[in-house]
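We will go stop by stop.

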Amino acid sequence: MKDVYILAIESSCDETSMAIVKNGKEVISLTTNTQMNTHAKFGGVVPEIASRMHTESILYVLDETLKKSNMKIEDIDAIAVSALPGLMGSLLVGVECAKTIAYIYHKPLIAVNHIIAHIYANNIESNLKFPLLALIVSGGHTELLIMKQDYDFDRLGGTLDDAVGEAFDKVARVLDLKYPGGPNIERLAKEGNNTYNLPKPMDDESYNFSYSGLKSNVINLVHNEKQRGNEIRKADLACSFQYIAVDQLVRKVELAIQNTGIKRVVIAGGVSANQYLKEQMQNMTKKYNATVQIPSLIYCTDNAAMIGAAAYPLYLKKEFADFSLNAKSSFDFKNC
Ligand code: KG4
Ligand code: ZN
């Protein structure tokens, strides 16, 4: 079969990223321009600034990606773009760029779901084997799914309130840590111990998650201690929070392994960069002779290579978008 080269574009949040991916697996080139330092000054992503910065950098990122690959757009078989979910203004920059390239060069256009692409990030370095349990842990989503085939999902459960990444970011803020909170909580937690005995949320037999109670417990604890003039042991609190946040993820995946008998676990989304989560998940899965797959760090956080990987099965099925393609800010696996 002829090799398929996909030019993939990701601009759903605060990274402008493009990649050329061969056959959904081999990353020929990847360029990611992060806006993290700019948004860190504001303690979080400012949507208006994000979309403006995407506009300013997208052509540079395209040039770099082509230059590194020694390829021309004419050599590309399809243009893929992260079209949902994400920040509307940010998504639109990528979608309009993809449509323009597809129109000028007469290339098929592929609309990719950013969250599903996080799962396909695991197909770059090894192969997804079905059926599998997919745990999605990002800034906006916490979902547990059975994936039976390419693009075939059964939703087991998800968060009833906040996403796990959101809880990491909000707890980081109350501990005076910079945005993005997740990596900074993880760093600080390594210097502390789990001494704050925080309550376990969702200690039940459901596949649902909850993070807003845990987040509020930490915020209230910090405020109460401050009011009493007590010092907060920040490293211990970061460690205690991370312990409970990760424990909930591990417990629910363990329940899914026990009930479904599926022994392949794939973790996807920004929080999968957390080494403590990886260790705890590996310890648990060992008991069941199950495997756990987590992408390398560069493919855990937002990147266009995963968009190219997720676009490939759609290319093979000829599921192309037309020029009426629009960005969409939301997505819910319940309606999938
Ligand atoms: O998937 P992602 O890059 O963007 C979304 O699609 O949301 O995920 C971003 C989230 C943020 O909440 C960030 O704090 C979290 O992933 N994150 C982490 C770590 N690295 C990123 N959370 C915990 N530990 C980390 N090492
Ligand atoms: Zn993401």
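How do the residues of the shell around ligand 1 divide into nonpolar, polar and charged? There are 4 nonpolar, 11 polar and 3 charged. Here Ala, Val, Leu, Ile, Met, Phe, Trp, Tyr, Cys and Pro count as nonpolar, Asp, Glu, Lys and Arg as charged, and the others, Gly among them, as polar.

This is a predicted model, where local features need pLDDT of at least 70, side-chain atom pairs need 80 or more, and totals for chains, interfaces and linings use all residues. Residues are numbered from 1 along each chain as its sequence is written, chains are lettered from A and ligands numbered from 1 in the order written, and side-chain values use heavy atoms, without hydrogens and water.

Select ligand 1. Around it are 18 residues, each with a heavy atom within 4 Å. The closest are H118, G139, D169, E186 and G270.

Now show H114. A polar side-chain atom of H114 is 3.2 Å from an oxygen atom of ligand 1. Next, G165: a polar backbone atom lies 3.1 Å from a ligand 1 oxygen atom.

Zoom out. Domain 1 (5-120 + 300-335) and domain 2 (127-294) both give residues to the shell, so ligand 1 lies between them. Those bounds come from an automatic or database domain assignment.

Select L84 and P85: the bond from L84 to P85 is cis, with omega near -20 degrees. Then select Y179 and P180: the bond from Y179 to P180 is also cis, with omega near -5 degrees.

Finish at N23. Its phi is near 55 degrees, a positive value in a residue other than glycine.

Key:
A polar contact is a pair of N or O atoms within 3.5 Å; within protein, one must be able to donate a hydrogen and the other to accept it, and residues adjacent in sequence count only if both atoms are side-chain atoms.
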